[in-house]
Amino acid sequence: MPELPEVETVRRTLAAEVVGRTFRGVTVRRRDVIATELDPAGGFSRVRGGAELVTPRPARVPKAALLVGDRVVDVLRRGKQLAMVGASGRAVAVHLGMSGQLLVAGAGERLKEASWGDAHDHVVWRLDDGGRLVFRDPRRFGGLKTSPSVEHLRNERWSALGPDALEATCEGLQERAGASARAVKAVLLDQTVLAGVGNIYADEALFRARVNPARLARELDREAWARLALHVRGVLVEAIRAGGSTLRDYTDARGHAGTFKASHAVYGRGGEPCLACGAVLESALLAQRTTVWCHACQPLR
Ligand SMILES: [Zn+2]
């Protein structure tokens with residue numbers, strides 16, 4: 001699942017392609033990946049695993065709500081969420097979820113092919129320079145949300161998100177999570193505490209900060225929170241520089257994978273030697289996620 005560095009890489013590569021361009025048209029192949037501000041809260045539930053859900057028939061999405069006829073003036077990010085902003089002030093938030101991609105093809109270029117063809121290209125915009133932008137999402141945990149203004153985007157769509165993880169501070173973490181009886185790993189994954197950190201970068205930041213992931217948040221002292229804030233920011237900045245980590249389904253807006261995977265010290269390395277001390281790295285399920293740490297570098301006491 002893409003985390004902050006991968007989403008920020010998509011933001012930068014997407015902005016380079018679409019800012020200043022006008023959307024000339026859009027084709028919506030799957031209405032249920034879009035939630036407009038007029039839809040029921042949470043958008044239209046998708047039928048999964050054979051569950052029958054009775055939902056009203058969704059209204060057509062007005063093309064202007066998807067920025068057709070609008071010039072793109074900015075691409076914003078908060079945590080793992082993106083938003084394209086039009087000159088009209090309207091915005092379209094994009095959540096990549098597990099497997100979502102935003103891919104741009106220039107005029108006359110073919111979109112990067114998926115092995116399954118275009119069956120999961122749910123929304124396709126046409127740009128005024130002849131290029132195309134596609135929202136592709138085979139697993140459909142991602143989606144688009146329209147907003148009449150950036151203010152609505154921030155106050156409604158993104159209101160539950162905590163501060164962006166690139167701005168993590170010791171004080172902010174302590175204030176939001178310092179009294180929590182949850183494990184510090186669970187707290188770092190909580191998007192209302194800090195927006196943008198997922199399983200990879202939580203484990204990497206905890207290792208760098210020498211904090212055991214199972215420690216209860218309320219047991220951490222100020223110095224530990226300060227190290228965590230520093231290393232959350234540090235690992236995210238390094239990963240952005242590397243274009244994100246190599247993940248299944250993840251590419252930037254031009255179809256390129258990131259290279260930060262080569263720099264993972266603990267994530268995906270359970271049972272291998274710790275790069276700092278040589279001890280065998282531990283691996284266990286914590287906060288419902290596979291968690292890897294070094295018992296020597298990150299003691300529980
Ligand atoms: Zn170690």
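Two strands are taken to pair if DSSP finds at least two bridges between them. In the predicted model described here, strand S7 (residues 121–127) is joined to S1 by 5 bridges, and the two strands run antiparallel. Within this pairing, Val26 has Trp125 of S7 as its bridge partner.

S1 and S7 belong to an open sheet of 4 strands, arranged in the order S1-S7-S8-S6 with antiparallel pairing. The edges of the sheet are formed by strand S1 (23–28) and strand S6 (101–105), each of which pairs on one side only. On average, and with direction ignored, neighbouring strands of this sheet are turned by 15 degrees against each other.

Two packed helices are described by the angle between their axes and the distance between the axes. For helix H1 (residues 4–18) and helix H6 (residues 222–241), the axes come within 8 Å and cross at roughly 40 degrees. Angles under 35 degrees count as roughly parallel and those of 65 to 115 as roughly perpendicular; H1 and H6 are therefore oblique to each other. Their crossing is right-handed. On the H1 side, the contact is made by Leu4, Pro5, Glu8 and Thr9, and on the H6 side by Leu236, Ala239 and Ile240. By class, the residues of this contact between H1 and H6 comprise 5 nonpolar, 1 polar and 1 charged.

Definitions and conventions
Residues are numbered from 1 along each chain as its sequence is written. This is a predicted model: local features need pLDDT of at least 70, side-chain atom pairs count only at pLDDT 80 or more; totals for chains, interfaces and linings use all residues. Axes are lines fitted to C-alpha atoms, for helices over the stretch in contact, and angles run from 0 to 180 degrees between N-to-C directions. Angles under 35 degrees count as roughly parallel, over 145 as roughly antiparallel, 65 to 115 as roughly perpendicular and the rest as oblique. A crossing is left-handed if the near helix is turned anticlockwise from the far one by less than a right angle, and right-handed if clockwise. Two residues are in contact if their C-beta atoms, placed from the backbone, lie within 7 Å. Ala, Val, Leu, Ile, Met, Phe, Trp, Tyr, Cys and Pro count as nonpolar, Asp, Glu, Lys and Arg as charged, and the others, Gly among them, as polar.
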